Amino acid sequence: MANDPIHQFHITKWIPIEVGGYDLSFTNSSAFMVATVAIAGAFLFLTTSSRGLIPGRLQSISEMSYEFVASMLRDAAGTQGMRFFPFVFSLFMFVFVANFIGLFPYFFTVTSHIIVTFALSLLVIGTVIVYGFLKHGLGFLRLFVPQGVPAILVPLVVMIEVISFLSRPLSLSVRLFANMLAGHITLKVFAGFVTALSAYGAVGVAGAVLPLFMTVAITALEVLVAALQAYVFAVLTCMYLNDALHPGH
Amino acid sequence: MLPATLKRMDGHVLSGQGVAMADSKRPDETGKTGPGDQDGPEFRDDDLEHRRRRLEASLATRRPGGPTAKEGERSGNLAGFGQALKLSSEFIAGVAVGALLGWMVDHWAGTSPWGLIIFLLLGFGAGVLNVMRSAGVVADAGLRAQDKRSKGPDET
């Protein structure tokens, strides 16, 4: 069905691969992930290969993205956090480029699938937990024990803090996924109105101007959301890494 | 969702070295240019390095502040939508994780309804805590130690 707003999220197998009962097919989602990494990598590599002291336009874009992520990480996690810079920068670029690739018509949006965003946020939380325990040992658990709470309340507060901590990967992934999914569905629905209305003759075509205008406006909004969500994902990653570096006290 | 995060980041920065930096910047800068010019070339490299570092620091404090102001006036609609998505996802995540934990405890320990009930309630609490934390009503996890004395048991 041409007008199905969900159809854009369907996964189609391009190269079926099956290993030991597991379906490891190369799908359109994998293809666009590869494309995302290739575009981000090629862009950064090619634009910085000239290494001009006075950067050209493209080189200054890559330098700005470096500066942007670096200052974000330094603000949130201090200079100690800079050891995570490659991680945060890769995450930011991946989400950013994937969001923007998804804006092209007929392209697949990798980040509109919750399993992808959930895997990314699990990676973040996994890093936080592993690094926190490696660096601070059991002292990392102090993150869950706020000071100055009456002794009777401590078990309750600790339980709530632990659940709150465990809910982070979920809220991190749901936020990115929901924004991308909702935006793309809205865009598709409004664009569908244009064709549906224009089937009703002259009056319909005149009326179709309104959803067409909305489509243009939502596209602009989606550009903003794509950048914003990549930014928010990176900022929250920095904040969670800050917890691993300095667990509370 | 941007304004709140930015505000929080801004708060971090300002409460840290940011304010001191911003306050001390003006007199220092004018004071430094004078001696730097008079003292001759051997002081200059050091001075330049110092000033560059200070410029970077003050730029860093200013950078998050810029978008905050712009974001606020851009469109209340988008900001509201983002805020709603952020807060609801925080709350739902808390409840969902609580329910999942409770279900898993039941599954393993065989305490059929009780784990789910208790952990669902705890998850509800965690969801409310998440929402209040991301709305900036209670102190952030990292800042908890400092704010604890003044706020005390309110935070639970």
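This is a predicted model: local features need pLDDT of at least 70, side-chain atom pairs count only at pLDDT 80 or more; totals for chains, interfaces and linings use all residues.
What share of the 156 residues in chain B is buried? The figure is 33%.

Chain B first. Its secondary structure consists of five helices and zero strands. Read from the N terminus, the order is α-α-α-α-α. Of the contacts in chain B with a separation of 6 or more, 57% are between residues 24 or more positions apart. The chain exposes about 9,200 Å², and carbon and sulfur atoms supply 62% of that area.

Now chain A. Here there are seven helices and four strands. Along its principal axes, the C-alpha trace spans about 75 × 55 × 45 Å. Chain A has 249 residues, and 45% of them are buried. For contacts with a separation of 6 or more, residues 24 or more positions apart account for 66% in this chain. The accessible surface of chain A is about 12,500 Å², with 76% of it belonging to carbon and sulfur atoms.

On to helix packing. Two packed helices are described by the angle between their axes and the distance between the axes. I have two pairs to show, both in chain A.

The crossing of H1(A) past H2(A) is left-handed. On the H1(A) side, the contact is made by Phe43(A), Leu44(A), Thr47(A) and Thr48(A). H2(A) contributes Leu58(A), Gln59(A), Ile61(A), Ser62(A) and Ser65(A). Sorted by class, the contact of H1(A) with H2(A) has four nonpolar residues, five polar and no charged.

The second pair is helix H4, residues 114-136, with helix H7, residues 209-245, again both of chain A. How do the axes of these two cross? They come within 8 Å and cross at roughly 20°. H4(A) and H7(A) are therefore roughly parallel to each other. H4(A) passes H7(A) in a right-handed crossing. From H4(A), the contact residues are Leu120(A), Ser121(A), Val124(A), Ile125(A), Thr127(A), Val128(A), Tyr131(A), Gly132(A), Lys135(A) and His136(A). From H7(A), they are Phe233(A), Thr237(A), Tyr240(A), Leu241(A), Ala244(A) and Leu245(A). By class, the contact of H4(A) with H7(A) comes to 10 nonpolar, five polar and one charged residues.

Phe233(A) sits in helix H7 of chain A. Is Phe233(A) buried or exposed? Its relative accessibility is 2%, so Phe233(A) counts as buried. Neighbours within four places in sequence aside, Phe233(A) is in contact with Leu91(A), Val95(A), Leu120(A), Ser121(A), Leu172(A) and Leu176(A). For a sense of distance, Phe233(A) and Ser112(A) are 121 residues apart in sequence and 14 Å apart in space, C-alpha to C-alpha.

Leu212(A) is also found in helix H7 of chain A. At 46% relative accessibility, Leu212(A) counts as partly exposed. Leu212(A) and Gly192(A) are separated by 20 residues in sequence and by 9.4 Å in space, C-alpha to C-alpha.

Next, a residue of chain A with contacts in chain B. Ser164(A) lies in helix H5 of chain A, residues 154-198. Which residues does Ser164(A) contact, leaving aside its neighbours within four places in sequence? They are Ala126(B), Leu129(B), Asn130(B) and Arg133(B). Ser164(A) has 3% relative accessibility, so this serine counts as buried.

Last, a backbone point. Most residues other than glycine have a negative phi. Tyr106(A) has a positive value, with phi near 70°. Where is Tyr106(A) placed? Tyr106(A) is in the loop between helix H3, residues 85-101, and H4 of chain A. Its relative accessible area is 85%, so Tyr106(A) is exposed.

That is where I will stop.

Notes:
Residues are numbered from 1 along each chain as its sequence is written. Chains are lettered from A and ligands numbered from 1 in the order in which they are written. Side-chain values use heavy atoms; hydrogens and water are left out. Axes are lines fitted to C-alpha atoms, for helices over the stretch in contact, and angles run from 0 to 180 degrees between N-to-C directions. Angles under 35 degrees count as roughly parallel, over 145 as roughly antiparallel, 65 to 115 as roughly perpendicular and the rest as oblique. A crossing is left-handed if the near helix is turned anticlockwise from the far one by less than a right angle, and right-handed if clockwise. Contact means heavy atoms within 4.5 Å. Ala, Val, Leu, Ile, Met, Phe, Trp, Tyr, Cys and Pro count as nonpolar, Asp, Glu, Lys and Arg as charged, and the others, Gly among them, as polar. Buried means under 20% relative accessible area, exposed over 50%, partly exposed in between (1.4 Å probe, protein chains only). Accessible areas come from the Shrake-Rupley method with a 1.4 Å probe; for residues, only the protein chains shown count as cover.
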